[in-house]
Structure formats: structure tokens, C-alpha cells
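Welcome! Please take a moment to look over the sequence and the fold before reading on.

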Amino acid sequence: MIQLILARHAKSDWADEGLDDHDRPLNDRGRRDAPAMARRVVRQGVRPEVLLSSTALRARQTAEAFGRAFEVDVVEQADLYLADPDHLLAAARAAGVDEVMVVAHDPGMSALVSRLADRDERLVTCAVAVFTWHEGTWDDVDATPPDEYELLTP
């Protein structure tokens, strides 16, 4: 079984206009939504073996909430910051395990979810898309529709 869990970071704080985009933290809503969504995903029975995150502060904070819920460490990857869909999928494939979660940014996340779901999807902040292929390998992921797909929104 291959399971790909894609999460857009939770809502970020725009109050400090002087902050670099990479350094923006979660706002109050984001700090509430991330752990709540993590608990919801755990209740669905989803437990990734590896959790990859962009190095942007808002993505790391979101990933840390999921990591605590899943009891897995967060692996930060600078190249996931504003990555395109092909790169996001390649990073998941390169993790070397069958169940991977990626926490990153739009527009790449929505584009990858849309491609894999074969319909137009827009991930709101802290949305989680869960794709499952019961047969095959990572090489089949982009060529075969998933057996199961669920989009969870806060």
C-alpha cells in the first residue's frame, strides 16, 4: 500500500509586514487548526512513517503539530518551500517508505492534489488530502488513479 498525505500549512500571521515570507509564523487560528486537524487525521487511522516539511516557519509549526499527533519526527527540507507539484511528489517518493506526509505551500500543493484527484481542488490552509493506492509502488502513483481519496478541511 502507498499512502500520500498532503497538507497545506495552517493559517499564517501577516501582522509583521517586515518579516520575510519564509519567516512568517502561524496566527491564532493556525495554532488552533493544526493540532485539531492532526487529531482528526489520526482518528481516520492515518499514520505516516515519514513527515516531510518545508523549512518555512508556518509549515514547520504545522508539521510539528502533526508530528506530535503521529508520534513521528519532522524532516525539514528547504527545497519544499514553494515547490512545484513534480518536486513535491519526488520528495515523497524519495523518502523511501510507503506512507509519507508532506507539509508545504500553495500553489504547488493544490496543483498536485488536483492532478492526483483528477479534478480541480483548492487546498485551504490546513487542509489535508489523503491518497491511498492499495497495490503498486511509488512509480504507479502519478500513472494510476488512487483507490481512495479524501480531502479534509478545517
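This is a predicted model: local features need pLDDT of at least 70, side-chain atom pairs count only at pLDDT 80 or more; totals for chains, interfaces and linings use all residues.

Residues are numbered from 1 along each chain as its sequence is written, and side-chain values use heavy atoms, leaving out hydrogens and water.

Let's begin with strand 1 (residues 2-8), where seven of seven residues are buried. Buried means under 20% relative accessible area, exposed over 50%, and partly exposed in between (1.4 Å probe, protein chains only). Strands are DSSP runs of E with at least two residues, and helices are runs of H or I with at least four, numbered from the N terminus. In a regular strand, side chains alternate between the two faces of the sheet. On one side of strand 1 lie Ile-2, Leu-4, Leu-6 and Arg-8, on the other Gln-3, Ile-5 and Ala-7, and all are buried.

Strands pair if DSSP finds at least two bridges between them.

| Partner | Sense | Bridges |
|---|---|---|
| strand 5 | antiparallel | six bridges |
| strand 4 | parallel | six bridges |

Ile-2 stands opposite Trp-133 in strand 5, while Ile-5 faces Met-101 in strand 4.

Strand 4 (residues 99-104) also holds Glu-99. Glu-99 is buried without a salt bridge, and its nearest side chain of opposite charge, Arg-47, is 8.7 Å away. A salt bridge needs a side-chain nitrogen of Lys or Arg within 4 Å of a carboxyl oxygen of Asp or Glu; Lys and Arg count as positive, Asp and Glu as negative, and His and the chain ends are not counted.

Leu-82, in contrast, counts as partly exposed because its relative accessibility is 48%.
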